[in-house]
Amino acid sequence: MSEYTARRRDRESWGSRAGFIMAAAGSAVGLGNIWKFPYMAGGNGGGAFLLLYLACVVIFGLSLVIAELVIGRMAQRTPVAAFRQIAGRAWPLVGALAITTAFVILSFYIVVAGWTIAYMVFEVGGQVASTDGDHLEAVFNGLVGNTWQPIGYAALFMIATAAVVLGGIGHGIERASKILMPALFLLLIALAIRALTLPGAAEGIEFFLVPDLSRVTGATVTAAIGQAFFSLSLGMGAMITYGSYMSRDQNLPADALAVVGLDTLIALLAGLMVIPAMFAAGMTPGDGGAGTTFMVLPAVFAAMPAGPVFGFGFFLLLAVAALTSSVSLLEAVVCYLVDETRLTRRRATGAAAIVCFVLAIPSSLSFGLWSEAQLFGKSFFNLLDYLATSIALPLGGLLTALCLGWVVGPRAIEALRDDDCPAPRWARLWLFVLRYVVPIGIGWILIQGIIG
Ligand code: PHE
């Protein structure tokens with residue numbers, strides 16, 4: 001065993017293989033899949049976006065999920081310390097970029113997560129029990145345009161996230177994910193079936209599944225790669241943190257494949273649920289923006305027997321899925337603070353949560369009171385989302401690939417294998433992808449995006 005692979009005995013590790021997969025998939029599966037993916041696909045050409053998205057997941061996503069998990073497992077440390085340990089000198093900067101990105105994403109993530117709590121209330125109270133698109137749009141705009149209500153919900157969600165993070169890694173997250181993820185999955189299948197059989201859905205299915213390549217622009221490609229990274233929790237160290245709790249007898253590549261597969265499947269299901277329903281409701285794809293999922297889905301519930309029950313259940317599970325993701329974001333920040341400063345875990349969690357919540361306020365207000373304020377043609381919320389998702393995450397991924405591919409090099413292949421099998425045969429291909437394909441591909445997309 002090399003110095004890199006020796007387990008540090010003082011670190012907790014995952015209770016079981018299924019526990020790890022569920023928790024890592026819990027980080028990956030969240031608002032990114034169910035709230036963001038459908039409206040990104042809707043606004044960026046439907047099938048063409050889907051195709052690019054899948055290409056990004058296969059080419060960049062999978063190799064980088066494996067890369068981050070390997071870094072975490074090698075170093076048994078959180079991102080900044082991990083980069084310092086495996087690569088030395090300047091590389092902790094990559095970790096610092098990662099932590100900043102996690103922080104920024106968390107700040108707008110809790111705003112949207114807050115909306116899901118509001119919708120639980122709406123489903124119970126009957127405010128959204130309607131198939132009338134105009135009414136549902138008005139309800140959404142009423143919520144996000146309100147000054148205090150969405151901020152209050154975001155605060156609630158931040159508190160819940162901090163509470164889970166304080167509960168420690170193995171217990172809270174692992175236990176909850178094991179029951180709730182499968183429940184969410186089953187509910188999504190039921191809802192997709194309902195949406196697909198709505199009158200008028202067929203056109204939406206075609207729009208989503210049949211790529212029309214004339215719709216591809218530089219912006220579509222940037223959106224697709226950003227979405228892939230966001231959805232897979234890549235490029236900001238979340239997977240490094242999870243990898244640091246993995247043990248050497250876990251089959252890392254197989255587990256990574258399971259996580260990527262689950263995440264992609266759930267995004268697809270969400271697309272099949274929201275996009276046909278959008279066409280059935282007579283909405284033009286792209287029009288609803290960040291509100292799409294919230295405006296469209298209540299109409300699907302309203303068209304089902306026991307609609308409010310399904311509606312409430314759905315938004316509850318979505319809030320929980322968001323929680324398992326926000327926990328991984330906050331966990332990344334807290335672990336850093338605990339490892340690098342003298343703060344206790346309690347203090348670090350409290351401080352990070354409060355600062356993050358303060359940053360969430362302008363994001364929330366940018367849907368109402370401050371909707372006129374634009375920077376570079378984007379609202380505050382959209383600007384943070386764009387910078388974090390489309391720039392910082394791919395950049396983080398690119399640097400991670402360079403670090404593992406060139407600085408760590410062939411030693412990474414050794415670290416990939418588990419205790420009892422040799423490194424897989426495709427490990428050389430993986431290293432090649434990290435060395436050349438990822439840096440050149442992402443570099444090109446980033447430059448395109450910035451000039452375009
Ligand atoms: N992947 C999460 C989602 O799809 C969001 C996330 C991004 C979580 C980055 C952690 C890190 O909702």
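**Pocket and ligand site in a predicted model**

Colleague: Which residues lie nearest the centre of the largest pocket?

Modeller: The model is predicted, so local features need pLDDT of at least 70 and side-chain atom pairs pLDDT 80 or more, whereas totals for chains, interfaces and linings use all residues. Residues are numbered from 1 along each chain as its sequence is written, and side-chain values use heavy atoms, without hydrogens and water. A pocket is an open set of points on a 1 Å grid over the protein atoms alone, where a 1.4 Å probe fits, with protein on both sides within 12 Å along at least five of seven lines; lining residues have an atom within 4 Å of a point. The largest pocket has 33 lining residues, and those nearest its centre are Tyr-39, Met-40, Lys-378, Asn-382 and Asp-385.

Colleague: Which element gives the most to the lining of the largest pocket?

Modeller: Two or more lining residues come from each of α2 (31–43), α6 (133–145), α10 (218–231), α16 (380–408) and α18 (427–451); helices are DSSP runs (H or I, at least four residues), numbered from the N terminus. With 5 residues, the element that gives the most to this lining is α16.

Colleague: How many residues of the lining of the largest pocket are charged?

Modeller: Asp, Glu, Lys and Arg count as charged; Ala, Val, Leu, Ile, Met, Phe, Trp, Tyr, Cys and Pro as nonpolar; the others, Gly among them, as polar. The lining of the largest pocket holds 10 nonpolar and 19 polar residues, and its charged residues number 4.

Colleague: How far from an oxygen atom of the ligand is the polar side-chain atom of Tyr-109?

Modeller: The shell around the ligand (a heavy atom within 4 Å) has 14 residues, with Ala-28, Gly-32, Tyr-109, Phe-230 and Ser-233 the closest. Polar contacts are pairs of N or O atoms within 3.5 Å. For the polar side-chain atom of Tyr-109, the distance is 2.4 Å.

Colleague: Which space does the ligand take?

Modeller: In a cavity the probe fits but cannot get out, and a molecule sits there if more than half of its atoms lie within 2 Å of the grid points. Among the 19 lining residues of the largest cavity are Ser-27 and Leu-329, which belong to those nearest its centre. The ligand takes the space of the largest cavity.

Colleague: How many charged residues are in the shell around the ligand?

Modeller: The shell draws two or more residues from each of α1 (17–28), α2, α10 and α14 (307–340). By class, the shell has 6 nonpolar and 8 polar residues, and of charged residues, no residues.

Notes
Polar contact = N/O pair within 3.5 Å; in protein donor to acceptor, adjacent residues only side chain to side chain.
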